[in-house]
Protein chains: 2
Amino acid sequence: MAKAKHTTIIEFTRKIASVNIAYRQFIQSKFKEHDVDLTFEMLQVLACLWNQDGINQQEIANLTVKDKASMTYLIDNLTKRDLVYRQEDENDRRNKLVHLTSKGKTTKAEVQPFIDEMYAAAGKGLDIIELERCMSLLQKLEQNLKEHI
Amino acid sequence: MAKAKHTTIIEFTRKIASVNIAYRQFIQSKFKEHDVDLTFEMLQVLACLWNQDGINQQEIANLTVKDKASMTYLIDNLTKRDLVYRQEDENDRRNKLVHLTSKGKTTKAEVQPFIDEMYAAAGKGLDIIELERCMSLLQKLEQNLKEHI
DNA sequence: ATTAAATGGTTAAATGCTTTACTATTTTTG
DNA sequence: CAAAAATAGTAAAGCATTTAACCATTTAAT
């Protein structure tokens, strides 16, 4: 690979990591400011359920790009906080369906504004066409990495 | 914000997270395949030192986009494995300069090929101009998030 | 010059991630 | 149908991250 391109890829990789961290810090900072006692990961899980309640742990893991073992741990913690509960799936007893408690449901009203704010802030001044072009490049890059493992 | 754009940003955000994970899994998979007993995070630190030995912990933290507390922990772990050692900076005694041991240096030859392979795989078929355009969009997005915290 | 502020590092606690091994259940295959 | 493979979830151990409080040292302000 040409030196210039190699250097560009290295910078690009670092930028992806730092953007990822910026998202996380945005939410953590808003939550701290407003005394919301939730981690970024818990929020990711809750957001899936606000969109569709009663999906199973593996489905949540896929949506949040996490491991099923991490998901067990996260659902445990959310259960301790009385935000969700597990229910066995009668149609396929391997599955545990995850449901929001009433507290889990009301939490949405409390935190959704911060999520909307995050997306609004992130996209400020960005062109949707550019975003889509960039996303398709990211898609190719991800596919490249997965193909060469 | 228009609905289409909001949806695009949400997808975009998820794609950034999944690309980040793809990088990590690429390295973890190569390391496992070749019995290299290093985590992704340890590699990030070592790669900084292979590039420039003897920088301080905060500099490594900045380069790897990590917290200084995480850095203390990582340097502790790398020290236990006899890959690096700390040295007090005589010019500014707040700093600890981190140096590679001889084992830390020889590890580079073992591992650098996988890193090069990762960047080569990632960039395959991608245009450098596109990469730079995408990177500048990511830069704006990151700046947006930081400004609205 | 002295005080206040900033910087670099450490520690501890709580949370999260990853790997491996394991159980239970369902689906595929021969 | 029975054996094998795949899928969903759990558990434990080791590693990583975040926050907050805390030192030590250096720099800035007056």
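A salt bridge is taken here as a side-chain nitrogen of Lys or Arg within 4 Å of a carboxyl oxygen of Asp or Glu. By that rule B:Lys15 pairs with A:Glu142, with 2.7 Å between the closest N and O atoms. This is a predicted model in which local features need pLDDT of at least 70 and side-chain atom pairs count only at pLDDT 80 or more, whereas totals for chains, interfaces and linings use all residues. Residues are numbered from 1 along each chain as its sequence is written, chains are lettered from A and ligands numbered from 1 in the order in which they are written, and side-chain values use heavy atoms, with hydrogens and water left out.

**Interface of chain A and chain B**

- Chain A and chain B each bring 54 residues to the contact (heavy atoms within 4.5 Å).
- About 5700 Å² is buried between the two chains, 72% of it on carbon and sulfur atoms; buried area is the accessible area, for a 1.4 Å probe, that two parts lose on being put together, summed over both.
- A:Tyr119, A:Met135 and A:Leu145 provide 11% of the area that chain A buries against chain B, more than any other three residues.
- Two salt bridges are found across this interface.
- Between the chains, 24 residue pairs are in polar contact, both residues being at pLDDT 80 or more. A polar contact is a pair of N or O atoms within 3.5 Å; within protein, one must be able to donate a hydrogen and the other to accept it, and residues adjacent in sequence count only if both atoms are side-chain atoms.
- On the side of chain A that touches chain B, α1 (3–33), α5 (102–123) and α6 (128–147) each supply at least two residues. Helices are DSSP runs (H or I, at least four residues), numbered from the N terminus.
- The largest share of that side, 23 residues, belongs to α1(A).
- By class, the side of chain A that touches chain B comprises 29 nonpolar, 12 polar and 13 charged residues. Ala, Val, Leu, Ile, Met, Phe, Trp, Tyr, Cys and Pro count as nonpolar, Asp, Glu, Lys and Arg as charged, and the others, Gly among them, as polar.

**DNA strand C**

- Of the 27 residues around DNA strand C, A:Thr39, A:Asn77, B:Gln57, B:Gln58 and B:Lys68 come nearest; a residue is near a strand if one of its heavy atoms lies within 4 Å of it.
- Sugar or phosphate makes up 69% of the atoms of DNA strand C within 4 Å of the protein, and the rest belong to bases.
- Phosphate oxygens of DNA strand C lie 2.4 Å from a polar side-chain atom of A:Thr39, 2.8 Å from one of B:Thr72 and 3.0 Å from a side-chain N or O atom of B:Lys32.
- With five residues, α4(A) gives the most to the surface near DNA strand C.
- That surface has five nonpolar, nine polar and 13 charged residues.

**DNA strand D**

- DNA strand D is surrounded by 27 residues, the closest being A:Lys32, A:Gln58, A:Lys68, B:Thr39 and B:Asn77.
- Of the atoms of DNA strand D that come within 4 Å of the protein, 71% are in sugar and phosphate.
- A base nitrogen of DNA strand D lies 2.7 Å from a polar side-chain atom of A:Lys68.
- The side chain of B:Asn77 has an N or O atom 2.8 Å from a phosphate oxygen of DNA strand D.
- For B:Arg94, a side-chain N or O atom is 3.4 Å from a sugar or linking oxygen of DNA strand D.
- With five residues, α4(B) gives the most to the surface near DNA strand D.
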